[in-house]
Amino acid sequence: MDWLDALILGIVQGLAEYLPISSSGHIEIFRQILGLNLPGEEALQLNVVLHVATVLSTIVVLWKEFVPLCTSFFTFRNDAGSRYVWKILLSCIPVAIVGLLFKDQVEEFFGVSEDGGNNLTLIGVCLCITAVLLAFAYFSGQRSRMMPSRGRAPLPKGNTGATAGRNITWLDAFIIGCSQAIAVLPGLSRSGTTIATGIIIGDKREQVAQFSFFMVVIPILGEAILDFRKMLEAAPGDQVSLGWLPLLVGFLASFVVGCLACKWMLEIVKKGKLIWFSVYCVIVGIICLCW
């Protein structure tokens with residue numbers, strides 16, 4: 001893989017991590033288009049580097065909300081910000097269980113199969129499932145806008161609560177976390193699944209979008225630390241040989257594009273325009289199934 005391939009994959013990751021179209025699925029699709037037959041370990045390393053870049057873009061874009069939350073949590077304040085962080089930690093439990101118990105099985109989805117088709121079939125099916133979730137969330141959101149909002153409570157600093165729906169409860173956080181754990185499959189959009197789940201169960205759209213972006217920070221950074229430790233402990237012959245230049249180019253592309261896509265997605269969710277991504281996912285899913 002050269003730096004141009006890494007640039008393309010970085011742009012794809014930056015866009016697809018925030019837009020509800022599945023970053024892992026689109027990375028796999030573009031690997032097929034570019035003819036990149038990366039082994040499982042190299043593919044996983046590239047995924048981690050690109051995902052860390054988008055996690056950092058989340059922190060940059062939501063910096064004004066991120067700092068008060070960290071201040072409340074690490075100073076042990078019993079306020080809305082600290083409780084919000086605990087809800088994020090609660091939401092991470094399901095994906096942590098999946099990562100600990102099924103890590104090897106999950107990693108197999110991110111390598112290229114020998115015939116080059118199995119992964120695209122899975123991606124196509126998962127993209128169609130994502131489309132159904134987004135469509136259901138869109139129509140659920142349209143219906144909830146005409147109903148009285150429920151369970152209003154003080155929001156963490158930075159939330160305006162402008163749209164209909166309730167604030168994220170402890171149970172909501174866990175349910176959204178379960179949807180994130182399921183979305184480890186390539187083609188099943190993590191942001192799309194978690195945001196759709198929150199909207200379907202009645203949470204405020206803009207609050208769900210922010211929660212969805214924050215809740216991925218801990219799992220991705222934790223995975224990156226574990227993988228980096230594995231790289232340091234690996235024997236010289238087992239080291240992944242992608243090269244520093246492609247990884248750096250991919251990282252920068254994913255970070256810059258991710259910052260733009262994060263801001264864009266927050267506005268899209270507020271306006272309730274998820275239905276167009278549902279149509280897109282159906283089209284791409286069918287293409288993958290027919291590939």
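Residues are numbered from 1 along each chain as its sequence is written; because the model is predicted, local features need pLDDT of at least 70 and side-chain atom pairs count only at pLDDT 80 or more, while totals for chains, interfaces and linings use all residues, and side-chain values use heavy atoms, with hydrogens and water left out.

Across the whole structure, a search finds 7 aromatic pairs, where rings of Phe, Tyr and Trp (its six-membered ring) pair if their centres lie within 6.5 Å, and planes under 30 degrees apart count as stacked, over 60 as edge-to-face and the rest as tilted. One of them joins Phe73 to Phe74 in an edge-to-face arrangement, with 5.2 Å from centre to centre and 85° between the planes. Phe73 is buried at 18% relative accessibility, whereas Phe74 is exposed at 60%; buried means under 20% relative accessible area, exposed over 50% and partly exposed in between (1.4 Å probe, protein chains only).

Tyr84 and Phe211 form another edge-to-face pair, with centres 5.7 Å apart and planes at 90°. Tyr84 belongs to helix α5 (residues 80-101) and Phe211 to helix α10 (residues 205-215), so their pair ties together parts that are 127 residues apart in sequence; helices (H or I, at least four residues) are DSSP runs, numbered from the N terminus. Tyr84 is buried at 4% relative accessibility, and Phe211 is buried at 0%.

Elsewhere, Trp63, Phe66 and Phe214 form one aromatic cluster. The charged end of Lys87 sits over the ring of Trp170, 5.7 Å from its centre, a contact that requires NZ of Lys or CZ of Arg to be within 6 Å of the ring centre and within 35 degrees of the ring normal.

Notes: Helix = DSSP H or I, 4+ residues; strand = E, 2+ residues; numbered from the N terminus.
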